[in-house]
Every structure is written in C-alpha cells, then in structure tokens.
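Here is a short tour of a two-chain model, meant to be read with the structure open beside it. Let us look at how the parts are arranged.

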Amino acid sequence: MGDYAIECKNVTYTYPLAENPAIQDLSAGFEKGGFYGIIGENGAGKTTLCVILRGFAPDFYKGELTGQVLVEGKTIPEYKTELAAKIGYVFQNPFNQISGVKETVFEEVSYGLENFGVPVDEIEERVINVMQMTDIEELAYKSPFELSGGQMQRVALASVIVLEPDILIIDEPTSQLDPEGTDSVFRIIRELKEKKKTIILVEHKVDLIAEYADEVLVLKNGKLIAQGKPEDILSDMSLPEQGVALPQVAVLGNMLRQKGFPIDRIPITEKQAAEEFQKAMSRRSGRP
Amino acid sequence: MENNYIEKIQIHRKNRIAGLYPSAKGFIVLAYSISTFILGTFHLTDMRLDLLLIPWFFVIPVLCIISGVLAKSMKAMKAVATVSAIIFAAQLFLIPGGKVLWSFGFLKIYVYGLRSAIRLSFLVLDVAGIFVWLFQTTSNKELSRAMEDSGMNYKAAYVFMSSLQMIDILGKNSKSIMNAQRARGVETEGNLIIRAKAFFPSLVPLILGAIIGSEERVLTLEARGFSMQCQKTHLFKLDHSGLEKPAVILSTLITSALLAGRVIWGIMR
C-alpha cells in the first residue's frame, strides 16, 4: 500500500433529492507528492469527487455518503475546521473566489492567513513570496473585483497556495480563461508539482493533463472507469467513446500508425510526438 | 523585511474629526438622531410646525466642513436632498386637513400637509444626512474592524462588510446584464414602461447569479479557514484620533440639553 495523502474506500455519494448517486462505489488512492488528473465528460462526477475529497460533501451539500474518505489516515470529521490547513481548494469560477470583504489583492491573499492566526510579519513575507510566484505583485493594491478572469484565477490560486497546504484540489481552473491565462495557471501548477505538493486536478484540456499528471483517473456516470499512467490511459483509442477527448498528438499518432507509419508508441505530449515522428521518419528513410 | 504592503493598507486620517474612532462617530450619529427626534417634538407657530428640524440640518454641512469631507459628500447629499424634496412635495400637496393655505387650480396646500411635509422631509434629511457624514469619513473596512473590536461575532462583521461590498458588485453586474440583454434585443432605455419591461429580464439573472455565486463563495471562505477556531490576525489596525472622549461628551451634553430643554418647554407651555 502506498503512502496516501487521500484515500477513498468504496465511496458512494447521493445529493439531496437526487435519485441516483453522483459517485458510485469509488475506491482510489492519491499518493503524497503525486499529480493526479481527473477527466471525464460533463456530469461524470468530477467536481462531486473533489468536494467529497475536500469534505464539502456531505458537510455543506448534505446528501448521503457511504464508504470512507481518509486524509493522511484520518477521517474528515476528525479534522473539524482544520482541514483548510491540510487541503487547498481552487474552484472553477474565478469570479466567485473573491472573499468579498477585502479591498486590495494583497489583503485578499492575506485573508486565509489572518483566519489562521499567523503573525503579521510572517503574513507579509509569505504573501510577498506567493505574489511573486503567481506573478500578481503588480496587482497588489488593485481591487480584486477589478481584475480580469485570468488575474482573478491567479489571485485565487495565490490565496490558497499561501496557506501552504500539503494537498491541492484544483477544479477546472482554466475553463474560463484564455490561452495566456491558462498558460500562467499551469506554470504555477508546475511549480507546485516541483515542490512535491499532492495535486488533484480536474481539467478538460487533456493535452495539459498528459504533460503534467503522474496518474489519470477517468470518471463516467459517477464511476471510476480507468486509472493509470497518462501514457496508458490517454493513448487508449476507446476513450473518446466514454466522452473523453484524447490529446491531439495521440489522435494524430494513431492515424499515422493506421496508415502504416512505423510508430512504436502513441505519443501523448508534443515532446513525445516529436521524438516518435523523428524516429519513424528515420526508419522510413533508412537512416539511423 | 520592510512592512511596506501592510503599512500601505492602513488608513491614517490627518483630520482629527474624520479620524475619530468609528464607535465614537457611531455615538455622534446616535446622539444626533436622538436629538433630531427630540427637536421634532417642538411644535412651533400656530400651525404646530416642526421648524427646529430645518436649522438642525445645518449641523451636517458644518460637520462635513470640519471633517474635511464637504466636497466628496456633495453627491450623496444631493441624492438625499432629492428624496427629501420628493417627500416634501408629495406630503405638501397630497395631505388634506385644516385650513387651506394656498390654492392654484386643483393644487391645494393645507396646514396638515405643510406640517407633515416639514416633519417627514427634514427627519429624512437630518437622519440620512448624518449617515452620509459617517460613511464619508469612515471606510467599510474601518466600520467592519470596529465592529469586530467591539466584540461582534466575526461572521456578523463579515456579513456587514460583504453586503456593503456587494452593492458595488451587483451594480456592476447589473450593467453587464443590461448590456447583454440589449445585445439580445431587449429594449432597456426609453420611457418608464420600457424600462419597467426590461427590469425583470435583467433582475432575474442578477439575483439568481448572486445566489449561485454565494454557494461557491461560502466554500471559498471555508477553504480559507473562515471557521478556524483560533485567534484571528488583523493586518488592518484602527487609529484613535485622541478626540473621541471630548466628542462623545459634547454629543451627550447637546442631546441632554435638548432633552432638558424639551421637558422645560413642555412644562412651561
């Protein structure tokens, strides 16, 4: 058994008034320091799984939960209100992640630390570091409500990262962002991965999941239908039948292979594709 | 490391009246409001008019001048004065009773109408005016911080602060929704009926959006340790101007004097 940051054992969850469970008999382990990508079609239960892992369901959403969710070996109720220090959560919509009581970005990022009772000097040091990391230093005195979607999402990420949680659950952070905003958010996520944080990321942009994730979980109708290394999962040509898009390079690699191109493995990232295509071209031309 | 950021979010008011601690300003507002109601019981002239409410209003511009906020108070004061003028006109012409003081065609001004117009419009002007002074000299975060300092639950202080912030946000959102509705062909400008028709298609998404957004905001707060059971830190510190005690004493004296004056005046009559 691995050293799990979060472990789900036979988790089934039904929302209040719903007839069918949103998550059904799901068992999965998220190892410490791992980067997990959760993919699946709309309504597959990705966000529901995230709110269960964070303890918002059933606590906030009510409903019925069976099975067990363990965070570093302890059940969620054992943490009481202190789960915020352990698990950071970033939501999909950047506009709803502003506290609504702070007048500047600096104060907004500091808000969580104020709630944690961190000393003033330490707050300033940590906030400055995080603002530099997330590239929002120049926004420090702006109102959080006057920012663009990408800037707001970076502020939301900074507000969570500053709490230094061991585990980060990030739910479709780029769904409302332009390519530039998406790149800046993923640059931050990559830095968090380098810091060995446990990251659970829900994302539709599978190209990015392919590039960053250590493991991929595929959900459909609340069930975990596949779990494994990105190269195994995202090169599976039956995945689109489950409502999940594949990386574009994987689709291209498969098409070339079907046309007789000598490709050893289906690439899932641009880097792998360049290597595979170069090898295949060399073989075709007879050069080593 | 220099405390640059934290220093820059502080509010240091040079004017010692504007810089009074918010609870002292709150006391002044309370004392002024009580005094307004006391003055409203002085019925002068044969028509029993509450005429003292009129000069009493001039305390507000004086307060604004000595607080150094007269210029920035003007916009809000104009709005209050407009509402007050509408109330005055409505009461003056619509309330019958007593002797007719003036008539022109179907328009008539009765004694009761004049009495009610002065009482209501100046009560509104005086009480709303003192709140204009309070909000022009006190920022939302000063009020919220003072509330927490006074022992108010942090959740209640949050509700107060976020409600004030939300007024601006909802205002901006409503403009975005209006623009979106206009782009879809909904007429939003024109006479009162056209504007009324545009009201509901704009209001429903605004309210629903706010309700849906509030759910995620609650979870956002939880994710940032809002409910953590510990002593919270406050980066924002409130200053005292040093005039709090004299201000409270003076307000108490004026209100007490007015109350005493009212009692004596009542006995003498």
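## Domains, strands and the chain contact

In chain B, the centres of domain 1 and domain 2, taken over C-alpha atoms, are separated by 29 Å. The assignment behind this gives chain B a domain 1 of 1–138 + 240–269 and a domain 2 of 139–238; the bounds come from an automatic or database domain assignment. Where the two domains of chain B touch, eight residues come from domain 1 and nine residues from domain 2, a contact being two residues whose C-beta atoms, placed from the backbone, lie within 7 Å. On the domain 1 side of this contact in chain B there are five nonpolar, three polar and no charged residues. For these classes, Ala, Val, Leu, Ile, Met, Phe, Trp, Tyr, Cys and Pro count as nonpolar, Asp, Glu, Lys and Arg as charged, and the others, Gly among them, as polar.

A word on the ground rules: this is a predicted model, in which local features need pLDDT of at least 70 and side-chain atom pairs count only at pLDDT 80 or more, while totals for chains, interfaces and linings use all residues. Residues are numbered from 1 along each chain as its sequence is written, and chains are lettered from A and ligands numbered from 1 in the order in which they are written.

Now for the overall form of chain B. Its C-alpha atoms fill a box of roughly 70 × 60 × 35 Å along the principal axes. The radius of gyration of chain B is 24 Å, whereas a compact globule of 269 residues would have one near 18 Å (taken over C-alpha atoms; the globule rule is 2.2 Å times the number of residues to the power 0.38). Of the contacts in chain B with a separation of 6 or more, 69% are between residues 24 or more positions apart. Buried residues account for 24% of the 269 residues in chain B; buried means that 20 or more other C-beta atoms lie within 10 Å of a residue's own, exposed 12 or fewer, and partly exposed in between, with C-beta atoms placed from the backbone.

Chain B has 10 helices and two strands, where helices (H or I, at least four residues) and strands (E, at least two) are DSSP runs numbered from the N terminus. B:Leu63 counts as buried because it has 24 C-beta neighbours inside 10 Å.

Two strand pairings are set side by side below; strands pair if DSSP finds at least two bridges between them.

| Strand pair | Sense | Bridges |
|---|---|---|
| S1 (residues 100–104) and S2 (residues 107–110), chain B | antiparallel | four bridges |
| S1 (residues 4–14) and S4 (residues 64–71), chain A | antiparallel | seven bridges |

In the chain B pair, B:Val100 stands opposite B:Tyr110 in S2(B). S1(B) and S2(B) form a hairpin with two residues between them, and B:Gly105 in the turn has a positive phi of about 65°.

Finally, which element gives the most to the side of chain A that touches chain B? The contact takes 39 residues from chain A and 33 residues from chain B. H4(A) gives the most to the chain A side, with nine residues. That side of chain A divides into 20 nonpolar, 13 polar and six charged residues.
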